[in-house]
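Visitor: Could we go through this structure together, a topic at a time? I would like to begin with charged side chains that pair up.

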2 protein chains.
Amino acid sequence: MNLAHRYGPWAVIAGASEGTGAAFARRLAAERINLLLIARRTGPLEALAAELRAQHGVDCFSASIDLGAEDAAARVAAAVGARDVGLFINNAGADTNGSLFIDNDLANWEQLVRLDVVNVMRNCHFFGRRMRDRGRGGIILVGSGACYGGLNGIAAYTAVKAFDLCLGEGLWAELRHHGVDVLNLILGRTDTPAHRRLLERNGQPIPAGMASPDAVADLGLARLPHGPVCNWGLDDDVVGYAPNSAAQRRARIVAIEAASASYAAKK
Amino acid sequence: MNLAHRYGPWAVIAGASEGTGAAFARRLAAERINLLLIARRTGPLEALAAELRAQHGVDCFSASIDLGAEDAAARVAAAVGARDVGLFINNAGADTNGSLFIDNDLANWEQLVRLDVVNVMRNCHFFGRRMRDRGRGGIILVGSGACYGGLNGIAAYTAVKAFDLCLGEGLWAELRHHGVDVLNLILGRTDTPAHRRLLERNGQPIPAGMASPDAVADLGLARLPHGPVCNWGLDDDVVGYAPNSAAQRRARIVAIEAASASYAAKK
């Protein structure tokens, strides 16, 4: 597959400063796709943009945008301007709250909803409409296995990720008739700086067998034509629990709670 | 089960003017639970409140609040005041857009997100925290089978309903240790005025075998102690498609698209 032909000439990566976002950026620059890199921190973004311009000769620039802010999507659209974007990758959206829903201040969950629901929806509407009109493109929503629901201790996070999963599926259903590919790339444990910070904060050891960001980016781009879902580490046709079995959903929550020391509900 | 003992003395119903919301109100008033009825339209709400006061001698009042407005949750909290609420039923949240995600104005989807994501989350946080502190209570989130994902033509609706499902599951996991019951009551086709209006607008016939609002309210109250999920018309242990099978999710979307004339994606 010629990525530049199918998803060029410009790609936008939201959450590009490190980890899987940076891995996507390096992979796409090597394919001669121009890049708009978005994240909050200016330093790592500008360093990555300079690296990609120097190594691959692509047009690459960055925009410092807080993707959880109310004006984030408007600022993304302004940064894009009239550039012909063929690929949008949403790689932002981690939850750093680490608190039960009821215990934490509502303002923190509202910020998570802006980050993972409102702004993802706005960006998908903006890029999806443009791609439909040009009859070509791709959207990757980097997600979490939390999207399959019901994990105790991360009620809001599993809810926003379920939103993104179903939005992506609906987009896939709409846009596949217009030459636009949509993929929910559902990660397992991935060896990113953000994940390592989370493990350290929780006092958890670094687990063996985490996915590398490069391997995740490779899988996402390879599976993008075969949406709407790709689960890291699982074959396309793996069969798990039933989403509309009340008993299985209940049992799953209880089983994960029992197995999870760090997220055990306070009794 | 003595409902007033377990879920009284006050219940709050969001979306109470007709259909399942009004059915819940009549059922609870008959059990001598006081009621705050919330919806946008004042007339039907006040008529229902007067009916319940007269028939059952309960304390019952209404508040006209647009549950899709930015200030809705603050207004709900103000209407509740210091009343001792033991049951919150979210029965609002229908999608009247009837449009593909990409075709419709973003502002309409943002309104749906306020209605079904932001304000549901705010209300659950408000009532959930109070119920946890008093060590007793119940929350029913009336949902839709769209919560199981990926239906073409209703991308935003399936996403907000998936959010509510997973939020409710997370709440169930947190609050069950504090004497608070949480149930996602997932409806099938129900014979409500809103559903009949939707069918009429789409030029669809009234299907046979729709659930009655009274039966839905009865089921919800009976199953509330057995959360986090109850699917209308399905036994607790029914097994459906696998949520983490990429192939099954893809096949489900395509199959529903093929079977659905009214929501067929435009080609």
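**Salt bridges and other local features**

Guide: In this predicted model, Arg196(B) and Asp191(B) form a salt bridge, with their closest N and O atoms 2.6 Å apart.

Visitor: Is Arg196(B) buried, partly exposed or exposed?

Guide: Arg196(B) has a relative accessible area of 36%, so it is partly exposed.

Visitor: Which residues are joined into one network by salt bridges that share partners?

Guide: That network consists of Glu18(A), Arg41(A) and Arg197(A).

Visitor: Why do such pairs form at all?

Guide: Side chains that carry opposite charges can pair when their charged atoms come close.

Visitor: Which residue does Arg134(A) meet in a salt bridge?

Guide: Arg134(A) meets Asp84(A), with an N to O distance of 2.8 Å. Arg134(A) belongs to helix α5 (residues 106–134) of chain A, whereas Asp84(A) sits in the loop between α4 (72–80) and β4 (85–90), so the pair ties together parts that are 50 residues apart in sequence.

Visitor: And how accessible is Arg134(A)?

Guide: Arg134(A) has 24% relative accessibility and therefore counts as partly exposed. For Asp84(A) the value is 35%, which also means partly exposed.

Visitor: Now chain B. What is the partner of Glu70(B) in a salt bridge?

Guide: The partner is Arg122(B), and the closest N and O atoms of the two are 2.8 Å apart. Glu70(B) is in the loop between β3 (60–64) and α4 (72–80) of chain B, and Arg122(B) is in helix α5 (residues 106–134) of chain B, so this bridge ties together parts that are 52 residues apart in sequence.

Visitor: Is Arg122(B) buried or exposed?

Guide: Arg122(B) counts as buried, because its relative accessibility is 13% and the cut-off for buried is under 20%.

Visitor: Let us change topic to empty space. How does one find it?

Guide: A probe the size of a water molecule is rolled over the atoms, and this shows where empty space is left.

Visitor: How many cavities of 30 Å³ or more does a search of the whole structure find?

Guide: The search finds three cavities of that size. The second largest cavity holds about 50 Å³ of space.

Visitor: Which residues line the second largest cavity?

Guide: Its lining is made of Asn90(B), Leu141(B), Val142(B), Gly143(B), Lys161(B), Asp164(B), Leu165(B), Asn184(B) and Ile186(B). Two or more lining residues come from each of β5 (137–144), α6 (155–175) and β6 (180–187) of chain B.

Visitor: How many of the lining residues are nonpolar, polar and charged?

Guide: Four are nonpolar, three are polar and two are charged.

Visitor: Where is a peptide bond cis?

Guide: In chain A, the bond from Gly227(A) to Pro228(A) is cis, with omega near 5°. Pro228(A) is placed in the loop between α8 (213–223) and β7 (229–231) of chain A. In chain B, the bond from Gly227(B) to Pro228(B) is cis, with omega near 10°. Pro228(B) lies in the loop between α8 (213–223) and β7 (229–231) of chain B.

Visitor: And which residue other than glycine has a positive phi?

Guide: Arg32(A) is one of them, with phi near 70°. Arg32(A) lies in the loop between α2 (19–30) and β2 (34–39) of chain A, and a relative accessible area of 55% makes Arg32(A) exposed. Arg32(B) likewise has a positive phi, near 70°.

Visitor: Finally, how many helices and strands does chain A have?

Guide: Chain A has nine helices and seven strands. Of its 267 residues, 56% are buried.

Visitor: How much accessible surface does chain A have?

Guide: The accessible surface of chain A is about 9,900 Å², and carbon and sulfur atoms account for 50% of that surface.

Visitor: Where is Glu169(A), and is it buried or exposed?

Guide: Glu169(A) is in helix α6 (residues 155–175) of chain A. With 1% relative accessibility, Glu169(A) counts as buried.

Conventions. Residues are numbered from 1 along each chain as its sequence is written. Chains are lettered from A and ligands numbered from 1 in the order in which they are written. This is a predicted model: local features need pLDDT of at least 70, side-chain atom pairs count only at pLDDT 80 or more; totals for chains, interfaces and linings use all residues. Side-chain values use heavy atoms; hydrogens and water are left out. On a 1 Å grid over the protein atoms alone, a cavity is a set of points where a 1.4 Å probe fits but cannot get out, and a pocket is an open set with protein on both sides within 12 Å along at least five of seven lines; lining residues have an atom within 4 Å of a point. Grid points are joined across faces, edges and corners, and a volume is the space filled by probe spheres set on the points. Helices (H or I, at least four residues) and strands (E, at least two) are DSSP runs, numbered from the N terminus. Ala, Val, Leu, Ile, Met, Phe, Trp, Tyr, Cys and Pro count as nonpolar, Asp, Glu, Lys and Arg as charged, and the others, Gly among them, as polar. A salt bridge is a side-chain nitrogen of Lys or Arg within 4 Å of a carboxyl oxygen of Asp or Glu. Buried means under 20% relative accessible area, exposed over 50%, partly exposed in between (1.4 Å probe, protein chains only). Accessible areas come from the Shrake-Rupley method with a 1.4 Å probe; for residues, only the protein chains shown count as cover.
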